[in-house]
Amino acid sequence: MAKLVECVPNFSEGNNKEVIDALGQAISRTPGCVLLDVDAGASTNRTVYTFVGSPEAVVEGALSAARTAGQLIDMSRHTGEHPRMGALDVCPFVPVMNVSMEECVTCAHVFGQRLAAELGVPVYLYGEAARQESRKALPTIRAGEYEGLPEKLAKPEWAPDFGPPTFVPRWGATVTGARTFLIAYNINLLCTKELAHRIALNIREQGRGTDQPGRLKRVQGIGWYLEEENIAQVSTNLLDFETTPLHVVYEEVCQDAKALNLPVVGSQLVGLVPKKAMLDTAEFYIKKEKLFILEEEQKIRLVVSRLGLDSLSPFHPQERIIEYLVQAGETDRGLVAKPLSTFVRAVGGRSAAPGGGSVSAAAAALGAALGCMVGLMSYGKRQFEELDPIMRKLIPPFHQAMDELVAMVDADSRAFSSYMEAMKLPKNTPEERERRMVAMQQGLKTAVRVPCALAEKVSGLWPALKELARHCNLACKSDIQVGAKMLEAAVFGAYFNVMINLKDITDEKFKLAMSQKVSGLLEEAKQGSALVLSLLEKRAP
């Protein structure tokens with residue numbers, strides 16, 4: 001699959017539409033770059049662009065925008081609420097898909113070196129790309145902002161990583177680096193800038209200084225006032241949303257605001273957000289409020305409602321969640337995105353993939369889907385009201401497995417294709433033959449692991465399916481019967497795919513372990529299916 005890097009340049013212009021559009025065009029016209037989001041702020045006088053592409057493409061896109069900024073932005077005239085030190089203030093590179101952090105560090109180094117050479121401006125490295133521990137944190141480098149640069153650049157300890165240690169009035173200085181996904185998240189308050197900043201100092205990790213740290217790890221924060229909206233904001237950067245999630249920041253700000261008798265009136269996401277950050281927040285409110293929500297779309301809607309993400313402007317998930325945007329831009333979304341008839345014809349074609357493994361994954365997904373359907377047909381109806389607590393526990397495993405098993409349709413096809421590609425490698429010299437053999441063995445092991453993982457996923461469904469058979473709406477008896485046999489057939493398919501690929505693997509220890517595992521899973525599937533059918537037959541019609 002293609003390598004995908006996100007680049008999020010922050011330019012010091014948020015009011016001049018011609019400049020904002022010109023910078024966006026410089027990015028979008030760069031081959032291989034897809035501009036996903038443009039977020040301009042009038043009070044901050046700053047625009048955040050988000051685009052993705054290959055490592056090489058995003059570097060070119062960032063340079064193209066920087067050249068345009070050099071012609072159109074004059075920092076000597078800039079004012080705004082947001083801390084800044086340059087026309088292109090900060091330009092981070094973020095790994096999104098099939099890219100390591102090291103590759104993003106390389107992007108930052110290449111970009112910084114070329115920017116300094118082309119425009120003759122000072123460039124600093126931060127985050128994972130920093131060459132000095134003292135320069136890892138962006139606020140540390142940006143301290144003193146644009147106005148403090150002449151004095152700062154004169155100090156040997158603040159010599160830039162690239163470019164001259166001289167003050168360039170029109171440009172200032174740029175910071176570039178590599179980091180994990182940062183979420184820019186602001187909470188709206190009806191209060192003064194000073195009160196918002198007091199709360200920011202309480203929650204941000206830095207707090208009020210080393211002797212008064214804040215409460216939330218990996219969170220930066222500041223309070224400011226948005227004149228155009230007539231509200232204050234606690235503006236935060238979540239440097240690691242898994243350490244401190246969105247809902248924790250929101251709830252902590254609400255807690256402090258309540259203590260000060262200040263109203264919270266929603267919040268705002270700036271730029272893009274990972275889907276997991278939204279779903280983690282959904283799970284928090286689902287658990288807190290004892291809700292029952294399955295569909296991803298509804299979970300996202302719950303988060304928008306609870307955090308008030310549409311308080312300042314409409315929040316469109318398809319335009320704000322990075323996975324949705326990337327997916328929308330993919331030309332080949334795999335077998336599962338195609339109509340059923342196309343999938344069936346692809347299986348029936350003169351090609352080894354998709355084959356029995358992909359069909360087994362599709363069968364398993366359909367089996368799980370039938371379990372989900374039977375659960376939902378037994379839930380939320382007056383005549384089955386006493387079953388609601390049971391169904392709330394039984395339905396989610398089927399719903400989750402359904403989506404995961406669908407993904408395995410393509411995973412199996414790709415796994416076998418990697419083995420077929422390895423077979424095509426050259427074999428003219430001993431070295432080439434050795435590389436080919438190693439690649440073939442790796443391909444075969446992958447082709448074994450995918451169906452084995454499928455069988456393991458089905459294994460986790462038997463307890464729920466048995467319980468469903470004991471309690472479900474008997475009008476769905478045939479559906480759960482079909483579901484049980486589909487899951488059993490899927491494990492049979494996984495077993496056959498594992499065994500046929502094991503015979504050509506030379507690693508005897510691996511062969512024995514996988515053979516024993518998949519044989520055990522097959523026996524469990526036979527017994528599980530039989531018990532489900534038996535339980536159903538014993539129930540009165």
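Helices α6 and α7 pack with their axes 10 Å apart and at an angle of about 125°; axes are lines fitted to C-alpha atoms, for helices over the stretch in contact, and angles run from 0 to 180 degrees between N-to-C directions. The model is predicted, so that local features need pLDDT of at least 70 and side-chain atom pairs count only at pLDDT 80 or more, while totals for chains, interfaces and linings use all residues. Residues are numbered from 1 along each chain as its sequence is written, and side-chain values use heavy atoms, without hydrogens and water.

**Exercise 1.** State which residues make the contact between α6 and α7.

*Solution.* Step 1: contact means heavy atoms within 4.5 Å. Step 2: α6 contributes Ile199, Asn202 and Ile203, and α7 contributes Val249, Glu252, Val253, Asp256 and Ala257.

**Exercise 2.** Give the strand order of the open sheet and identify its edges.

*Solution.* Step 1: two strands pair if DSSP finds at least two bridges between them. Step 2: the 4 strands have the order β9-β10-β8-β11, with antiparallel pairing. Step 3: β9 (219-226) and β11 (264-270) each have a single partner strand, so they stand at the edges. Step 4: β8 (residues 183-189) pairs with β11 over 5 bridges, and Asn186 stands opposite Gln268 in β11.

Definitions and conventions:
Helices (H or I, at least four residues) and strands (E, at least two) are DSSP runs, numbered from the N terminus.
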